[in-house]
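Please read the following as a walk through one protein model, taken element by element.

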Amino acid sequence: MRNASPLVASHTEDGSFIASDMVALLKYTKDYFVVPEEHIVVMKADSITLYTMDGGVEEPKMLHVDWDTTAAQKGGYDFFMQKEIYDQPEALHNTIMPRIHNGHADFSADNISDDIFKGVNRVIVTACGTAWHAGLVGRHLIEAMIRIPVTVELASEFRYMNPILDEHTLVVVITQSGETADSLAALRLANERGAKTISIVNVKGSSIARESDYVLYTHAGPEIAVASTKAYTTQMAALFALIGRMAVVRGAFNEEQEKAFVDALMQAPDAIQQVLDRKEEMHHIARGLLEAKDAFMLGRGLDYAILLEGALKLKEVSYIHTEAYASGELKHGTIALITEKTPVVALVTQERVRDKELSNIREVQSRGASVVVLVKDGIDLADADYTHVFTLPAMDDVAMAFPASAALQLLAYYVSMDRGLDVDKPRNLAKVVTVE
Ligand code: M6R
């Protein structure tokens, strides 16, 4: 019987199956149904029947996944996290290409009506963990390009803060699993209060996908490692597409701006591939962090948003306490923690804050910190002496989150692996958080 937690079921020639996640069934079948809330499934060797609580028989709504059966295997990689990092160019391609037609973002195949973008005077993005970080990147883009106020709320806080929501509010819920309890509760509150809702989801047919007004699937394929990688970059890609369409519908883009934006998005898979091709360079950099107890990541603007995710990645798989800081905030207290024992990773991809960022890097260097700089190709680092410099392929500043995130994922992966940890199953964590 389903009571809140996710449940999927299927029947094949080999019998009936039930699981909390479709990925577990993939070895046996690609056809399944989501057991609706407060329904009962009776499973027999030769049949499966769905009942309502009052005993009525209900026809299950069958779903089909087009993931191939090897998608949930390691396929020659040592860890799922490693495989999923490498899956990204293809996963991004699958997220982006069906939404671009003749150079325009287009959601006709997703049945998303343009009406959802009209009459909106505020956007609220809500999500948890990595998905929340994708929302922070989205906020920068929406505010810069569409000039609508955006707030990005932690879904676990959302229902306790009595949010102001009405029919002019667009609520975007981002989630890989589509079953995160806090995100689902946030969506239900938004629905109850009459906001327009759209979700960016990876798992087809999940609760959040079903309960949103509209859903944009990321098509990333199954993500098994607890640490989210390809789900995150495909969530950002889906947000880009959403922003591209919204900007057109609301008249915020001229032709040239739209073209530049769509072109940047389409370059994302290749930019990530270029970073992955230089994995050994990042492995070498990772060796310098193996003994660290604490680490800091510094950046400004979009770089800061990207680093919040980079820091979560490093801490959850390596157990190194890592904090991402908006570089300008450091001097308001945290710089007291910087010593020669606290490695710093600085991200410099945003041309307009380059000078300020370099000056913040000098401040931590003068306190003895070793600094790894991830820099957009073409940005001049002014010949200072850094411990390592990793050059990221140059894209439009707004799209630098793609190559930068791949580099940070590799860093976290190698530190965890070289510390001999269970990369895919960090302690105390679950892949899908279906409790509050
Ligand atoms: O399935 P969701 O995207 O809703 O999960 C939200 C978070 O639990 C998740 O992003 C978590 O922070 C990551 N697994 C961390 O890598």
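In β7, which residue is the bridge partner of Asp31? The partner of Asp31 is His64. This is a predicted model, in which local features need pLDDT of at least 70 and side-chain atom pairs count only at pLDDT 80 or more, while totals for chains, interfaces and linings use all residues. Residues are numbered from 1 along each chain as its sequence is written, and side-chain values use heavy atoms, with hydrogens and water left out.

Asp31 and His64 belong to a pairing between β3 and strand β7 (residues 62-64), which run antiparallel and are joined by three bridges. Two strands pair if DSSP finds at least two bridges between them. Strand β3 (residues 31-34) also pairs with strand β1 (residues 8-12), in the antiparallel sense and over two bridges. In that pairing Val8 has Val34 of β3 as its bridge partner.

Strand β15 (residues 294-299) pairs with β17 in the parallel sense over three bridges, and Leu298 stands opposite Ala346 in β17. β17 also pairs with β18 in the parallel sense, over five bridges. There, Ala346 has Val373 of β18 as its bridge partner. Buried means under 20% relative accessible area, exposed over 50%, and partly exposed in between, computed with a 1.4 Å probe on protein chains only. In a regular strand the side chains alternate between the two faces of the sheet. In β17, Val344, Ala346 and Val348 point one way and Val345 and Leu347 the other way, and all are buried.

Val123 is found in strand β10 (residues 122-127), and with 1% relative accessibility it counts as buried. Leaving aside neighbours within four places in sequence, Val123 is in contact (heavy atoms within 4.5 Å) with Ile142, Ile148, Pro149, Val150, Thr151, Leu170, Val172 and Met246. From Val123 to Ala195 the separation is 72 residues in sequence and 9.9 Å in space, C-alpha to C-alpha.

Among the helices, α9 (residues 279-287) has Met282, His283, Ile285 and Ala286 as its buried residues. These cover an arc of only 160° around the axis, which puts them on the same side of α9; the arc is that of the directions from the helix axis to the C-beta atoms. The buried residues of α9 pack against β18 (371-376), β19 (388-392) and α12.

Two residues have backbone angles to note. Arg147 has a positive phi of about 60° although it is not a glycine. Arg147 is found in the loop between α3 and β11 (150-154), and at 67% relative accessibility it counts as exposed. Asn428, also not a glycine, has a positive phi near 65°. Asn428 is found in the segment after α12 and, at 76% relative accessibility, counts as exposed.

Grid points are joined across faces, edges and corners, and a volume is the space filled by probe spheres set on the points.

The largest pocket has a volume of about 630 Å³. Of the 27 residues that line this pocket, Cys128, Gly129, Thr130, Lys431 and Val433 are the closest to its centre. The elements that give two or more residues to its lining are α3 (129-146), β12 (169-175), α5 (181-192) and α10. The largest share, four residues, comes from α10. By class, the lining of the largest pocket has 11 nonpolar, nine polar and seven charged residues. For these classes Ala, Val, Leu, Ile, Met, Phe, Trp, Tyr, Cys and Pro count as nonpolar, Asp, Glu, Lys and Arg as charged, and the others, Gly among them, as polar.

The structure holds one cavity of 30 Å³ or more. The largest cavity has a volume of about 40 Å³ and is lined by Tyr232, Ile306, Glu309, Gly310, Lys313, Ser405, Leu408 and Gln409. α10 (302-318) and α12 (401-418) each supply at least two residues of this lining, and the largest share, four residues, comes from α10. The lining residues of the largest cavity divide into three nonpolar, three polar and two charged.

Methods. 1 Å grid on protein atoms, 1.4 Å probe; cavity = no way out; pocket = protein on both sides within 12 Å on 5 of 7 lines; lining within 4 Å.
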